[in-house]
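Below is a short note on the model, point by point.

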Amino acid sequence: MVDKYLQYLKVIKKYSVDTINSYKCDIKEFIAFISVNYQDITNDDVRLYLSALYDRGLTKKTIARKLSSLRGYYNYLLKERIVKYNYFDEIKNPKYEKCLPTFFRIDEIDKILDTIDVTTVLGKRNYLIIEMLYSTGLRISELVNIKLSDINYDDLSIKVLGKRSKQRYVFYGSYCEKALSNYLDVRGMLNKYNSDYLFLNKMGGNITTRGVRKVFDKILVNSCIELKATVHTLRHTFATHLLNNGMDLMSVKELLGHESLNTTSIYTHVTDEHMMEVYYRTHPRN
């Protein structure tokens with residue numbers, strides 16, 4: 001029944017591969033833990049499992065994710081009339097502090113880009129990877145799936161297939177346009193298999209998310225920036241810089257491809273802190 005549910009998440013709910021794998025692991029872990037058939041669980045079984053999660057020292061965020069996975073699974077079983085009650089509905093997710101997203105300053109972005117050796121083919125590609133992530137706010141999974149046919153060179157836009165196969169358009173400016181042109185001039189040296197994917201690895205295949213992470217991590221080390229950051233930090237930086245420079249929250253939401261404005265609203269806390277910092281630094285009475 002688990003496989004049928006995972007297929008439902010893939011086909012109907014349009015969940016990503018990573019999300020489906022997380023659900024799969026969480027559900028199978030619970031089934032292995034309980035001593036009864038998954039259809040015959042009781043409230044005591046659920047609470048005993050919850051207690052075991054806390055005993056393992058897992059973070060509240062991880063526990064909340066596992067409970068959400070199981071709540072969704074048993075809602076599906078309830079809908080299919082395989083179980084008569086979803087005991088996970090009685091369990092509230094633990095409250096946890098939401099960490100404010102970290103982001104780079106503009107001078108740090110410049111420093112990261114200046115670190116890259118653009119005299120090589122891979123250097124031009126890597127420069128475009130960083131510039132495009134910062135200029136568009138793309139997720140890493142969206143970046144690696146860009147095809148040449150997705151790019152509109154006239155209005156500087158890119159068609160993107162985001163989470164749950166939701167299509168949107170992102171835009172890039174003159175800096176990214178120049179980096180894109182420089183890379184396309186030499187991309188043919190990597191394109192051994194006539195690929196339509198924009199970003200190729202040194203073997204000629206399309207670059208993977210893991211490959212982009214390795215590229216970013218190496219560049220970050222070379223830049224000597226001490227901020228603890230990941231590729232996703234560039235997405236946070238994109239949103240924060242737009243809000244700090246006056247873009248409205250709804251427009252940022254659309255560019256990021258968020259389904260809910262609540263998801264985007266976390267960046268307002270960052271920009272509020274930025275405004276306070278500027279106020280105390282610039283007001284003559286402070």
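1. Arginine 65 has a relative accessible area of 38% and is therefore partly exposed. The model is a predicted one. Arginine 65 makes a salt bridge to aspartate 26, with 2.7 Å between the closest N and O atoms. Aspartate 26 sits in helix 2 (residues 17–33) and arginine 65 in helix 4 (residues 60–79), so the pair ties together parts 39 residues apart in sequence.

2. The salt bridge count for the model is nine. In general, side chains of opposite charge can pair when their charged atoms come close.

3. Glutamate 142 deserves a separate look. Its side chain meets that of arginine 139 in a salt bridge, at 2.6 Å from N to O, and both residues are buried. Glutamate 142 also forms a salt bridge with arginine 168, where the closest N and O atoms are 2.8 Å apart. Arginine 168 lies in strand 3 and glutamate 142 in helix 7 (residues 140–143), so this pair ties together parts that are 26 residues apart in sequence. Relative accessibility is 9% for arginine 168 and 3% for glutamate 142; with the cut-off for buried at under 20%, both therefore count as buried.

4. What is the strand order of the sheet? The three strands form an open sheet in the order 1-2-3, paired antiparallel. Strand 1 (151–152) and strand 3 are at the edges with a single partner strand each, so one side of each has no neighbour in the sheet.

5. Strand 2 (residues 157–161) and strand 3 run antiparallel and are joined by five bridges. Leucine 161 has glutamine 167 of strand 3 as its bridge partner, and isoleucine 158 stands opposite valine 170 in strand 3. The two strands make a hairpin with five residues between them, and arginine 164 in the turn has a positive phi of about 55°.

6. Which residues form the covered face of strand 3? They are Arg168 and Val170, while Gln167, Tyr169 and Phe171 form the uncovered face. Side chains in a regular strand alternate between the two faces of the sheet. Arg168 on the covered face is the residue that bridges to glutamate 142.

7. Most residues other than glycine have a negative phi. Leucine 156, which is not a glycine, has a positive phi of about 55°; this residue lies in the loop between strand 1 and strand 2 and is buried, with a relative accessible area of 18%. Cysteine 224, also not a glycine, has a positive phi of about 65°. Cysteine 224 is in the loop between helix 9 and helix 10 (232–244) and counts as exposed, at 58% relative accessibility.

8. On the surface, Lys202, Arg210, Lys214 and Lys218 gather in a patch of positive charge. Lysine 214 is part of helix 9 (residues 209–223) and is exposed, with a relative accessible area of 58%.

9. The C-alpha trace spans about 65 × 65 × 35 Å along its principal axes. Of the 286 residues in the protein chain, 41% are buried.

Notes: Residues are numbered from 1 along each chain as its sequence is written. This is a predicted model: local features need pLDDT of at least 70, side-chain atom pairs count only at pLDDT 80 or more; totals for chains, interfaces and linings use all residues. Side-chain values use heavy atoms; hydrogens and water are left out. Patches are made of residues with over 30% relative accessible area and no salt bridge: like charges are joined within 9 Å, nonpolar side chains (Val, Leu, Ile, Met, Phe, Trp, Tyr) within 5 Å. Accessible areas come from the Shrake-Rupley method with a 1.4 Å probe; for residues, only the protein chains shown count as cover. A salt bridge is a side-chain nitrogen of Lys or Arg within 4 Å of a carboxyl oxygen of Asp or Glu. Lys and Arg count as positive and Asp and Glu as negative; His and the chain ends are not counted. The place of a charge is taken as NZ of Lys, CZ of Arg, CG of Asp or CD of Glu. Helices (H or I, at least four residues) and strands (E, at least two) are DSSP runs, numbered from the N terminus. Buried means under 20% relative accessible area, exposed over 50%, partly exposed in between (1.4 Å probe, protein chains only). Two strands pair if DSSP finds at least two bridges between them.
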